[in-house]
Amino acid sequence: MQKSMKKYFALFALPTILAFTVAFLIPFILGVYLSFTEFTTVNDAKWVGISNYIKAFSNQDFLNALWFTISFTIVAVITINLFAFIIAMLLTRGKKGTNLFRTVFFMPNLIGGIVLGYIWQLIINGILFKFDVTLTFAAKYGFWGLVVLMNWQLIGYMMIIYVAGIQNIPKDVIEVAKIDGASRFQVLRNVTLPLIMPAITICLFLSLSNSFKLFDQNLALTAGAPSKQTAMLALDIFNTFYGKTGYEGVGQAKAVIFFVLVALIALIQLVITRRKEVEN
Amino acid sequence: MKVKKVLGLALALTLVGGLVAGCGTKENNSANNGNKGEEKTNTTTTSKAEEIYFLNFKPEIAPVYEKIAKDYEAETGVKVKVVTAAAGTYETQLKAEVAKKDAPTIFQINGPVGYEAWKDYALDLKDSKLYSYLSDKSLAVTSGDGVYGIPYVVEGYGIIYNEAIMKKYFALADKAVSISATSEINNYDTLKAVVEDMTAKKDQLGIKGVFSSTSLGAGEQWRWQTHLANLPLFYEFKDNTSFDNTVLAGLDTKEVEFKYASNFKNIFDLYINNSVTKGALLGSKSVTDSMAEFALGQSAMVQNGNWAWGQINEVDGNVVTADDIKYLPIYTGMPGEEKQGLAIGTENYFVVNSKVSAEKQQASIAFLEWLYSSEKGKNYVTNELGFISPFNTFTEAERPADPLAKEVMAWMSKDVTSVAWTFAAFPSEDFKNTFGDALLEYAQGNKPWEEVVTIFKDSWKSEKAK
């Protein structure tokens, strides 16, 4: 078995490795290289050292976007997971229509980000019009608009993962806890939560990374208005790359910083929640 | 269990990995998706003959270019691939396309600033016939001895008004002004008096507002951050007597004073206070909305250029007839503005890519020369593209027939001074957008005017310093 694995490894893994190299490794390495250069198109790069990174960090827009992204991520991760979990709890009680509701809650996830952004722009502007303002009136409207949008899109997806986690809890464990006189809250706190920790890990990871690298929804909903106050990191990178002549390299540098940030945060989160998981 | 953990981590890592790849290549992907559809229509007749590639800037006339390409191929056997960038994405797409093996052979820049960004890709056209056709050689983008950008269209913008509504107003018995026709408006004070009186009587006139919405949505702000901002800066750079050209003066200006900011405020306030839409709602409006309001007769005036005729004409339920469409210069309260004309110029320059093969360069130049000098080509330019062309190959009779273009030409021949398109000297897109965003916040009432002026000056300085 072990031997044949080795023998056929190359044969089976090669297509994937090739695809991975072409579609991911090469662009990634090229991207990192470009962040140290000045270029108009990727074919005529000139090495400039770390000056792009210095410019990126001394750029107020970038720092604003970073701050906006972080606050958005915190709010979005908490609300998404809270609501997703509550709905998952409600939809695992075997009530009538459970399947229908699960489907309905899941559906928003199937719509693309740009479309969602425009749909919510219409909805929110439609309401705000009554108060004679629009989404672009103040940054807080855009912020909460994004939070609502993200919740609407991701709750269903997270809910499915939580549902799977909850359904995997053996009935006898809960029964035993109840016989021992545990209250409903105690069951939730001491039995359900520890046992669905793997689901929580995945959900936190997905909502965290999705919120952090949000782009389409941001572009479609506010495009950063008013005055870039609602631009998140990914949008700021895009704007730097395309909006300013001679700043392509700085955009790349920002993208590399962005990658390091997302990877760091996601890994730390994984390690922490992994530790809480119990083996059953 | 352990396998599961490792697997989980590996999966998670791949997901994170996915982001990075996203960062590096997202731009290209989106640009590609954008033109895939168009490419398909063009590659149906792939022939062995050589092919040139034109990246078109103007989406409103894209179908005409398709027709021209077909005709040209039938006549000469050279295939012309035309790809059109969606509004506001030209630079994005150009960056992506030029990096490809099959790069555009003809693209366009917006003037000296655009040339700075693309100079490594611009071919010297000094010896081309196309350059020799140019009636006013000073219009071309030059650098040293070389000629790199050749303008292919002359355009004008101002305040477009609907004469039918204006006549209705001037026929009112209780109008508050003494003049009796729109053509008598020749300065800001008169314009303001008329507009404000019209707003007061808008129910009688059957309009929702005098001006169409001041579109301040993202990507819809160019009429203000570029075109309207042109006026105060034109006058400011004109005061700089060491240059005889406002664009050159602007390019040389490291720090702008914005000394006619109050003139800008004059007209901008007039726009937003007498608009179809309330100030705080302007962030949701687009240029198309604005033109539709005008076409449907909900507004009497709108600031735009002669390219807007198509947009007005194609609106369903358009009530504005070609005879009623007229132009008024943008008056801002400058002394002596009675003699001011429309803002006339161009920001469309052809550039031939210097990094493609010599045969392709020659074929590209030949195509442009055919388009602007052969009978067939000229017919397309005049009647279908609707360009007022700056080439001497066109006779007096070969001028576009659309009402706005005719108005522009009429204004050009009047005894007035046209305002040059000085915004070619604006430092960057980012500068314009920063100013546009500030204007939106001003219109929404959450930024004082002084701050807008400061942002304008600071942004100019920092973008220029790069």
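Two residues count as in contact here when their C-beta atoms, placed from the backbone, lie within 7 Å. Keep that cut-off in hand for this tour of a predicted model.

**Stop one: where the chains meet.** Select chain B and look at the side that touches chain A: 37 residues of chain B are in contact with 42 residues of chain A. To find the elements that give two or more residues to this side of chain B, pick out helix H1 (2-42), helix H3 (90-98), helix H4 (112-118) and helix H17 (429-443) of chain B. Which of them gives the most? Colour H1(B), which leads with 11 residues.

**Stop two: chain A as a whole.** Chain A holds 12 helices and 2 strands, and reading along its sequence gives α-β-β-α-α-α-α-α-α-α-α-α-α-α. Turn the view along the principal axes, where the C-alpha atoms of chain A fill a box of roughly 70 × 70 × 30 Å. Of the contacts in chain A between residues at least 6 apart in sequence, 75% join residues at least 24 apart. Buried residues account for 40% of the 280 residues in chain A.

**Stop three: helix H9 of chain A.** Select residues 197-212 of chain A, the 16 residues of helix H9. From first C-alpha to last, H9(A) reaches 22 Å, close to the 22 Å expected at 1.5 Å a residue. Why is H9(A) largely enclosed by the rest of the structure? Because 15 of its 16 residues are buried.

Key
Residues numbered from 1 in each chain as written. Chains lettered and ligands numbered in written order. Predicted model: local features only at pLDDT ≥ 70, side-chain atom pairs only at ≥ 80, totals over all residues. Helix = DSSP H or I, 4+ residues; strand = E, 2+ residues; numbered from the N terminus. Expected span 1.5 Å × (residues − 1). Buried ≥ 20, exposed ≤ 12 C-beta atoms within 10 Å, placed from the backbone.
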